[in-house]
Amino acid sequence: SKTLIKIDNLSVHFRTFEGRVQALNGINLDLNEGEILGIIGESGSGKSTTALSLLGLLPDNAEVTGSVVYLDKDIINSNDTVSDKKMRVKARRMLDQRLAEIRWKEISMIFQGAMNAFNPVHTIRNQIKEVFEIHNTFSDLSNLKEEDFIDEGNLRARANEMALEDIKDKESAEFKIIEDKIYDEMVEKLRNDLKTMSLKDKKRLLENNRMESSCRKAGFNPKFLDAYPHELSGGMKQRGIIAMALALNPKVVIADEPTTGLDVITQAKIIKELKGLKDSKTIRSMIVISHDVGVVSQLANYVAVMYAGRVMEYGEPKDIFVNPRNPYTYALMHSYPSIDATKQRIHGIPGSVPDLIDPPKGCYFASRCFMAEEICHREKPPLRNLSQDHKSLCHFDQIDEERYLNAQRYSD
Ligand code: ATP
Ligand code: MG
């Protein structure tokens, strides 16, 4: 299948008072059309930095090397090192323009913690509307004239916009009939509604239809659009955020910690919502980021496990969750309780993430790894191709379970 996003040897450093923080170190990842790529890893492993790189939204103190290509467009500024200032400025301007074309229209993002960033003094409607307006989603409406509302074809097109997306996509004959009936009813209703309205009100109605359609796709009931953020549950707010991400019908949605801060029942509902987007083909390709293994395992068809700015293991869920070959993944999987083994003990991974200002020479996980040997501290591990789509960054290609059990015994 077609590769939508290709991340090639991407590294990011942040300049800080303490020094240069190495947030990403040579990331290679692909997102293919029709795939959900899951990214898991502990806090600080570089998940959000990866996501922000894809939209060119890293802060000014970031230094980026490597490349990110969306379809055939280069969307990373790797010209920062070009010595000619004029060339550099020109490259920067071209890149900004390219990114502006892609951001939200092609790739949109559900930002980490966004649902807590709603402005408390504005209704949800106004805040979602702002997203539409910023991205000129209503620009075609502003050109509409009175006669555009008389034409049958136009009315159908507008009714089409209002129709429930999940019905529209169904192919069976049965649904076709329902669909036609719904359209006929909508066209009729629209015709009646429009009769007495001013042109300005007509446009406003279409604007609202467009917004409400996004809301419905995200499972956000449009009747809550006029609520204030504090009047909504966390789950509803998150659906509002998802609606914003769907506003411009993007090809790819990046969801950064979409369920964090929600109770477990609401988490399950949001996961179902995201799955629904894929099943209804509203969004065919996604990147889902979470520190929660469960969230990623329920959604992804490919999984990348990150640690200290490197991808430690990449593979299909069966490789990562059932048969991990990298000791970090193995330890991570064993540090979570499994649903069917309630009595199994939960082991955290002892130790802490290495200093990213002065990272270790060899494997970044070596100081915490139950399998580490001298070479691990000395040399960067090779990226092993274990099978077609299964890769591991490790000096070893097999897990030594005995050593894991021994390490647990001594740490208890
Ligand atoms: P979390 O699960 O907590 O969201 P994450 O995997 O998303 O973590 P990132 O936010 O990508 O991690 O951060 C990676 C590293 O880069 C961390 O060490 C973080 O402190 C550092 N970092 C991120 N943003 C900045 C910044 N603007 N300036 C300096 N350092 C930063
Ligand atoms: Mg993050």
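1. Helices (H or I, at least four residues) and strands (E, at least two) are DSSP runs, numbered from the N terminus. Two strands pair if DSSP finds at least two bridges between them. Strand 1 and strand 2 form a hairpin, with 2 residues between them.

2. This is a predicted model, in which local features need pLDDT of at least 70 and side-chain atom pairs count only at pLDDT 80 or more, while totals for chains, interfaces and linings use all residues. Residues are numbered from 1 along each chain as its sequence is written, chains are lettered from A and ligands numbered from 1 in the order in which they are written, and side-chain values use heavy atoms, with hydrogens and water left out.

3. Two bridge pairs can be named. Lys-6 has Asp-30 of strand 2 as its partner. Leu-10 is bridged to Ile-27, also in strand 2.

4. An open sheet holds 4 strands in the order 2-1-4-5, with antiparallel pairing. Strand 2 and strand 5 (73-74) are its edges, each pairing on one side only.

5. Now the ligand 1 site. Its shell has 16 residues, the closest being Ser-43, Gly-44, Lys-47, Ser-48 and Thr-49 (near means a heavy atom within 4 Å). By class, 4 are nonpolar, 9 polar and 3 charged. Here Ala, Val, Leu, Ile, Met, Phe, Trp, Tyr, Cys and Pro count as nonpolar, Asp, Glu, Lys and Arg as charged, and the others, Gly among them, as polar.

6. Polar contacts are next (N or O pairs within 3.5 Å). A polar side-chain atom of Thr-49 lies 2.5 Å from an oxygen atom of ligand 1. For Ser-45, a backbone N or O atom is 3.2 Å from a ligand 1 oxygen. Asn-61 places a polar side-chain atom 3.2 Å from a nitrogen atom of ligand 1. Taken alone, ligand 1 exposes 630 Å², and the protein buries 69% of that (Shrake-Rupley method, 1.4 Å probe). Strand 1 (3-16) and helix 1 (47-54) each give two or more residues to the shell. Helix 1 gives the most, with 3 residues.

7. Which residues coordinate the magnesium ion, ligand 2? Ser-48 (OG) and Gln-112 (OE1) do, at 2.0 to 2.2 Å. Donors are N, O and S atoms within 2.8 Å of the metal (3.2 Å for Na, K and Ca); water is not among the atoms, so the site may look incomplete. Ser-48 lies in helix 1 and Gln-112 in the loop between strand 6 (107-110) and helix 3 (124-134), so the pair ties together parts 64 residues apart in sequence.

Note on methods. Polar contact = N/O pair within 3.5 Å; in protein donor to acceptor, adjacent residues only side chain to side chain.
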